[in-house]
Amino acid sequence: MSAPLTLKDFKSDQEVRWCPGCGDYAILSAMQKALADLGVSRENTVFVSGIGCSSRFPYYMNTYGFHSIHGRAPAVATGVKCANPELDVWVITGDGDGLSIGLGQLVHAIRRNLDFKIILFNNRIYGLTKGQYSPTSETGKVTKSTPDGSLDQPLNPLTVALASGATFVARCVDADVKHMQEVIARAAAHRGTAFVEVYQDCNVYNHHAFEYATDKKQRPDHLLYLEHGKPMVFGAGSDRGIRLDGLRPVVEKLDNGNQDGLLKHDESVHDPTLAMFLARMKHPEFPEPVGVLRAVSAPTYERRLMAQVQAAVEKRGNGDLDDLFNSGDVWDAK
Amino acid sequence: MKNPDTLEEAPAIDDSRIRLVDRVAIRFAGDSGDGMQLAGTQFTNTSAIFGNDVSTLPDFPAEIRAPAGTLAGVSGFQIQISSDDIFTPGDRIDALIAMNPAALKANLADLAGGGILIVNSDEFTPANLKRAGYAENPLESDLLADYRVHQIPITTHTVEAVKEAGLGSKESARCRNFYALGLVFWLYDRPLETTQNWIRRKFGKREDIARANELALHAGYNFGETAEMFALRYRVEPAKLPPGRYRNLTGNQALAIGLVAATRLAKKTLFYGSYPITPASDILHVLAGYKHFDVRTFQAEDEIAAVCSTIGAAYAGAIGVTASSGPGIALKQEAIGLAVMTELPIIVIDVQRGGPSTGLPTKTEQADLWQAIVGRNGECPVAVIAPMSPADCFEAAIEAVRIATRFMLPVMILSDGYIANSAEPWRVVKAADLAPIEIRHATNGGDFKPYQRDDHGSRPWAIPGTPGLEHRVGGLEKAAITGNVSYDPDNHQRMINQRADKIDRIAHEVPPQAVFGDTTGDLLIVTWGGTYGAARTATQRLQAQGASVSHAHLRWMNPFPANLGEVLGSFKHVLVCELNMGQLQTLIRGRYALDAEGLHKVKGRPFMVSEIVDAAERVLKAPSKSTGTHKSNGGVA
Ligand code: SF4
């Protein structure tokens with residue numbers, strides 16, 4: 001065996017061409033570091049992307065990579081996995097690629113529970129086409145294409161994933177690289193579709209869109225770091241928590257650090273209700289959850305597909321061409 | 001060859017009531033719920049097993065159950081059986097079975113004068129007549145004076161005959177298609193055995209239904225025998241097909257089997273990603289039943305996902321195939337461009353139907369030729385092959401896979417609704433006789449370059465999982481050799497040239513254009529795809545009359561065979577017959593700068609032999625070559 005791979009081994013020879021200061025750099029190096037730490041093999045790893053700034057990602061990974069067309073990366077990845085279920089496949093997409101033109105492909109890939117990982121870079125803007133509002137832009141967003149403010153309601157990537165039946169849903173922010181690596185590692189370990197939203201700063205067209213969540217000082221007050229089995233506590237001095245009031249979550253100031261009655265996180269509960277209301281918690285009313293919202297196990301699409309193939313072979317024997325040609329009503333001409 | 005219309009000339013044989021004829025064309029027509037496709041298919045299989053050459057034309061409405069009794073709901077199945085080679089289901093029919101007034105109205109015009117007309121008189125009620133738009137009952141008028149009309153209360157007879165099976169009255173009446181089939185079997189002196197076996201296989205679990213259908217089948221047969229309603233019966237002797245084993249295949253079945261065969265020949269896995277669409281869905285249905293061949297079928301959420309999954313599968317080393325019809329192909333085109341750019345071998349099947357837009361979903365047309373060859377953004381060539389008949393789909397599928405994997409590009413198979421649904425005998429091949437398809441995957445070693453071309457101009461097929469070949473592909477222009485992203489102007493020109501060059505090289509890989517008849521002469525009839533049969537029959541007829549006419553049928557549409565220009569240039573006139581408004585004609589004129597004329601028809605139906613004969617005669621009579629004016633109604637343009 002050769003020496004274990006390092007972050008550098010996952011860097012391709014291509015010059016990275018994102019704008020200086022773009023959040024994509026942090027995601028790229030978190031991914032390279034995470035894969036090196038996981039000890040995956042480069043030849044078994046495939047990155048598939050669509051179109052947009054984020055989708056240039058595969059060019060910079062020294063693995064197999066496929067920069068496909070706008071919105072369709074999940075479909076390309078589906079074919080890759082059906083052809084070779086053994087490969088580790090990552091889908092890289094953005095809020096425009098995955099939630100606008102490619103929403104159909106995203107939802108259907110997730111509902112099938114194909115065993116690949118989807119990383120959605122959410123910067124709430126179209127970067128590559130130079131700054132139009134995106135499906136995650138807040139209503140009223142003033143951009144080149146919406147000088148009087150956008151009219152659309154934003155989509156929430158996590159609720160879309162949950163509504164599609166995602167078996168793994170997580171979120172992280174580009175400014176917290178260490179946590180991002182942990183989330184990536186968790187996604188890699190999941191069997192089935194893993195959906196990860198990354199808050200990503202487009203410093204050219206939508207700088208500071210997530211400042212409340214990325215700025216070191218503000219972060220503790222505005223993010224809820226989820227931990228399985230632990231009470232939901234946040235704030236600079238861990239001084240606040242989340243409690244249920246009927247069917248609604250509420251923020252509670254802790255009395256002397258007393259965590260009694262706080263909601264405990266359970267990522268493994270099959271019913272998606274808890275994950276759904278976590279996903280719906282929005283700044284500024286709530287801290288926004290990061291980490292793993294949901295991780296449940298379910299059979300993957302390709303495993304079930306191969307089981308059907310296997311069952312057919314067992315029942316009918318390995319297909320024989322001459323049997324196939326001679327099936328049905330045949331007759332002989334003399 | 002004898003004209004089947006002049007039955008009187010046929011000699012009588014042993015049974016003085018049976019006449020021998022060379023060919024006969026029959027059409028079963030009824031409401032879409034009447035089981036006419038089933039009756040037609042059964043008649044086809046029985047005749048094929050009996051040894052006749054057969055050619056069929058199913059014709060059904062786009063609606064699954066249009067309002068009962070209306071013209072919109074009429075479903076028909078035409079079949080021609082012959083003791084010679086035949087290539088078409090027949091221009092005119094010798095016998096029409098009309099299960100209701102609407103079926104009579106929709107089909108009567110195609111019945112030859114003096115032909116046999118069997119009607120289910122039970123259905124000629126005032127309400128049904130009104131639904132079909134008849135002001136008076138045609139059975140009581142002189143509208144049918146030219147035909148040999150047999151009014152039979154088929155429903156009543158059927159219900160009576162199946163009584164002992166103990167079905168309800170509705171289910172009993174539903175057996176009437178088997179009654180009609182039994183009667184037609186008697187009329188054309190066919191054995192019942194094949195259909196009986198089929199009934200037992202199909203309804204094995206419902207003893208009562210199987211019994212009822214058998215009773216109906218026999219009742220129909222016996223009615224013919226005893227009723228003395230028919231003065232004559234007819235027999236078509238077995239055709240002298242080349243010796244061998246045969247089975248009937250529709251084009252869609254032949255494509256499915258051909259794809260499985262090709263994949264085995266390549267020692268690969270078949271991945272089939274598609275989205276349901278008429279008339280292509282049957283390929284998915286058939287392939288979904290071949291999982292024991294490691295066929296992996298995927299019903300995608302839409303046409304785009306279907307083709308993209310196919311590209312992903314090809315990237316990962318499978319034989320990736322997708323299929324659709326015109327509207328779906330339009331949706332797939334961007335992705336097909338991606339496969340051109342990434343130089344991955346995928347197969348795209350277009351089972352053409354009437355367009356534009358949703359058009360005529362269940363009717364045939366050949367108007368996607370331009371869409372196949374040039375319908376994408378940029379200079380984006382793909383190879384295009386058009387099978388010429390249902391059985392030829394088998395070969396076309398294998399050739400498509402061979403070319404796609406050798407040249408690393410998408411190959412489009414242009415079928416059509418007529419080929420897809422009609423059946424003809426296919427001579428069963430032996431797997432061992434099929435040439436293997438050699439696949440060379442890149443392997444580790446040395447300095448791997450994803451776009452380094454081999455002696456076919458192809459880049460290596462390097463599949464994920466292979467150590468040392470990690471590389472990136474995508475839709476952005478590739479630098480020659482390295483495959484890195486490149487916006488360099490000269491490189492772009494070079495890559496465009498290289499992709500076009502691969503197509504040109506295919507022209508030398510496929511058989512040269514053959515000509516049926518003399519290689520020079522007054523007129524060359526040029527066709528492609530499903531128009532083969534009508535044109536070949538027309539050519540034979542014209543040649544028999546002494547006309548200087550030959551026929552060239554194209555299978556590879558892109559590239560054209562290398563010698564095509566020479567072939568075309570050896571005739572005074574070139575007449576391109578196609579079911580569109582002149583798409584191949586225009587390509588030929590542009591490519592070879594010659595004055596090809598055209599016969600165009602877009603009526604959702606195949607050419608009749610007579611239409612091609614007439615057009616050829618008009619061209620031959622014309623004083624000199626003229627481009628003529630455009631006549632949209634089947635005229636020569
Ligand atoms: S436009 Fe925005 S998202 Fe795109 S590379 Fe530049 S900073 Fe990054």
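This is a predicted model: local features need pLDDT of at least 70, side-chain atom pairs count only at pLDDT 80 or more; totals for chains, interfaces and linings use all residues.
Local features need pLDDT of at least 70 and side-chain atom pairs count only at pLDDT 80 or more, while totals for chains, interfaces and linings use all residues; side-chain values use heavy atoms, with hydrogens and water left out. Residues are numbered from 1 along each chain as its sequence is written, and chains are lettered from A and ligands numbered from 1 in the order in which they are written.

Start where the chains meet. Chain B brings 74 residues to the contact and chain A brings 60, contact meaning heavy atoms within 4.5 Å. Together the two chains bury about 5,400 Å², with 61% of it on carbon and sulfur atoms. Buried area is the accessible area (1.4 Å probe) that two parts lose on being put together, summed over both. On the chain B side, B:H292, B:R296 and B:R472 lose the most area to chain A, together 14% of what that side buries.

Three salt bridges run between chain B and chain A. The term covers a side-chain nitrogen of Lys or Arg within 4 Å of a carboxyl oxygen of Asp or Glu. One of them pairs A:D332 with B:R245, whose closest N and O atoms are 3.0 Å apart.

Helix α11 (residues 303–315) of chain B supplies the largest share of the side that touches chain A, eight residues. Helices (H or I, at least four residues) and strands (E, at least two) are DSSP runs, numbered from the N terminus. By class, the side of chain B that touches chain A holds 42 nonpolar, 18 polar and 14 charged residues. Ala, Val, Leu, Ile, Met, Phe, Trp, Tyr, Cys and Pro count as nonpolar, Asp, Glu, Lys and Arg as charged, and the others, Gly among them, as polar.

Strands also cross between the chains. Strand β12 (residues 330–333) of chain A runs antiparallel to strand β9 (residues 244–250) of chain B, and four bridges join them. Two strands pair if DSSP finds at least two bridges between them. Here A:A333 stands opposite B:G244.

Within chain A, β8, β9 and β10 form an open antiparallel sheet in that order. Its edge strands are β8 (233–234) and β10. Two bridges join β8 to β9 (residues 240–245) of chain A, and A:F234 stands opposite A:R240.

Turn to the ligand. Its neighbors, with a heavy atom within 4 Å, include A:W18, A:C19, A:C22, A:C53 and A:Y205. The shell divides into seven nonpolar residues, four polar and no charged.

Last, the backbone. Most residues other than glycine have a negative phi, and most peptide bonds are trans. The bond from A:H283 to A:P284 is cis, with omega near 5 degrees; A:P284 lies in the loop between α9 (273–279) and β11 (288–295) of chain A. The bond from B:N558 to B:P559 is cis too, with omega near 0 degrees. A:N256 is not a glycine, yet has a positive phi of about 60 degrees.
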